Amino acid sequence: MQNKNFIQRSLKSVWHPCSQMKHYEQNNLIPIKRAKGVWLYDFDGNKYLDATSSWWVNLFGHNQPLIKAKIKKQIDLLEHSMIAGLTHEPVIELSEQLAKLTKLGHCFYGSDGANAIEIAIKMSTHFWRQNKQQRKNKLVYLRKSYHGETLGALAVTSIPIFKESYKDLLKNHIQINSPDWRDRSAEETKEEFAEKKLDELRSLLKKRHNSISAIIVEPLVQCAGGMAMHSKNYLIGLAKMCQEFDVHLIADEIAVGFGRTGSMFAFQQAKIIPDFLCLSKGLTGGYLPLSVVLTTKTIYQAFYHNDTRQGFLHSHSYTGNPLACAAALATLSIFKNKKIIQSNRQKTKMINALLTDLKTLPIHNLRNLGMIWAFEIDKKINPEKILKYCHQHGLLIRPIGLTFYLMPPYCIKESEAKFMLDVLTRGIRNAS
Ligand SMILES: *Cc1c(COP(=O)(O)O)cnc(C)c1O
């Protein structure tokens, strides 16, 4: 029984994120020794299916041979050098490939998702300052949004449990209603509901666009806010309105990027181009922390100047780390060589065909987009009880309140998908 020892040591020395440490006294911390494919293994020989892709970062499963090989190769060549005053091949190659994929460019790197949001916010407001419009310094963000938890990013995150304790530290931005189609009335279509939310936004922009720098959205799915989905028409309308009122559009694809919603990037389904695109999580296939912000020529040009102080002087120590860039390049090559977007379409169909039993349970709003499945359990059911059952039976999930979701690694096989849904179904039945 080695697990116990590791749990005790961890609880004495590690302050775990997004956790009430006291709750771990009930022994619900799982020490992980190794991993392969969709499976994580503990020290006592139990295995767990990683149905959240380890907080949505692990795209192709654990111990992915190609990513591993690329990192190993890079580590013998150059593990790190800064990219202020220097440059290296992995960061150049990655920037070129991302530009080609997104039709944006001028890749600016950070080390995690929240970093990318800070960068986009600073670039946007700094851009208006460069253009003598200092008053344009407010951000518009959506209810149910999540953009990270550093102070700038938290200020545009709406989730009260993360925000409440720090509100005195945060700048006041403008929160608008979410286009989440679950909030529509019975007689409204998803598209009509999106249209209504756009109308609300239009009245706001008419009045206040002179003080608004950018609107930040998670295209198609607000993930941490409860896997809230909206019509792509919302994005189409949003992009038009941003143009009309001279407001930037920041697309936070940290969670939805890299195939999660069925296309390489979610904004592509609406055929729009945002002013800023923030990427992280899946970027390195779950191997190393890295984030990037891509933007337009117009924005880049506004900082191009003889005066140093007119430049974008933001930096992080590990910016553009070569090992992380190598992992990201391996990720992109897997998308291409294994035709992941196409093969995911088959996986989506395969998993959708396995939902019959789940649909008989007391759940609501069962929804799917690409490789995301979500639903709400009935209020009468205790989510903790389901969670405990699943963990005891080898399925790792992490519900958000009453919202249960599955975001498995793309390598998931039919037998594994069956196991995943079977344990979840039994867990809900057991708790009902
Ligand atoms: C996870 C997430 C972030 C923050 O990324 P971190 O790497 O955790 O800082 C920002 N935006 C979205 C949409 C996310 O899902």
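**Pocket, cysteines and selected residues**

Mentor: The second largest pocket has a lining of 16 residues, among which Ile-83, Ala-84, Phe-108, Tyr-109 and Thr-319 lie nearest its centre. The model is a predicted one, in which local features need pLDDT of at least 70 and side-chain atom pairs count only at pLDDT 80 or more, whereas totals for chains, interfaces and linings use all residues. Residues are numbered from 1 along each chain as its sequence is written, and side-chain values use heavy atoms, with hydrogens and water left out.

Trainee: What makes a set of grid points a pocket and not a cavity?

Mentor: On a 1 Å grid over the protein atoms alone, a cavity is a set of points where a 1.4 Å probe fits but cannot get out, while a pocket is an open set with protein on both sides within 12 Å along at least five of seven lines; a lining residue has an atom within 4 Å of a point. The volume of the second largest pocket is about 390 Å³, a volume being the space filled by probe spheres set on the points, which are joined across faces, edges and corners.

Trainee: Which elements each supply at least two residues of that lining, and how do its residues divide into nonpolar, polar and charged?

Mentor: Those elements include α4 (89–102) and β4 (105–110); helices (H or I, at least four residues) and strands (E, at least two) are DSSP runs, numbered from the N terminus. The lining has eight nonpolar residues, eight polar and no charged. Ala, Val, Leu, Ile, Met, Phe, Trp, Tyr, Cys and Pro count as nonpolar, Asp, Glu, Lys and Arg as charged, and the others, including Gly, as polar.

Trainee: How do you know that Cys-18 is too far from the closest cysteine sulfur for a bond?

Mentor: A disulfide is a pair of cysteine sulfur atoms within 2.5 Å. The closest cysteine sulfur to that of Cys-18, in Cys-223, is 15 Å away, and therefore too far for a bond. Cys-242 is likewise in no disulfide, with the nearest cysteine sulfur, that of Cys-278, 14 Å away. The count by this rule is zero disulfides.

Trainee: Why is Cys-18 called partly exposed, and Cys-242 buried?

Mentor: Buried means under 20% relative accessible area, exposed over 50%, and partly exposed in between (1.4 Å probe, protein chains only). Cys-18 has 45%, so it is partly exposed, whereas Cys-242, at 4%, is buried.

Trainee: Why does Ser-231 count as buried, and which residues does Ser-231 touch?

Mentor: Its relative accessible area is 9%, so Ser-231 is buried. This serine is in the loop between β9 (228–229) and α9 (232–244). Residues up to four places away in sequence aside, Ser-231 touches Lys-190, Glu-191, Ala-194 and Leu-220, contact meaning heavy atoms within 4.5 Å.

Trainee: Why is Gly-370 called buried, and where does Gly-370 lie?

Mentor: Relative accessibility is 13% for Gly-370, which therefore counts as buried. The loop between β13 (363–369) and β14 (372–377) holds Gly-370. Beyond four places in sequence, Gly-370 is in contact with Arg-260, Thr-261, Gly-262 and Thr-348.
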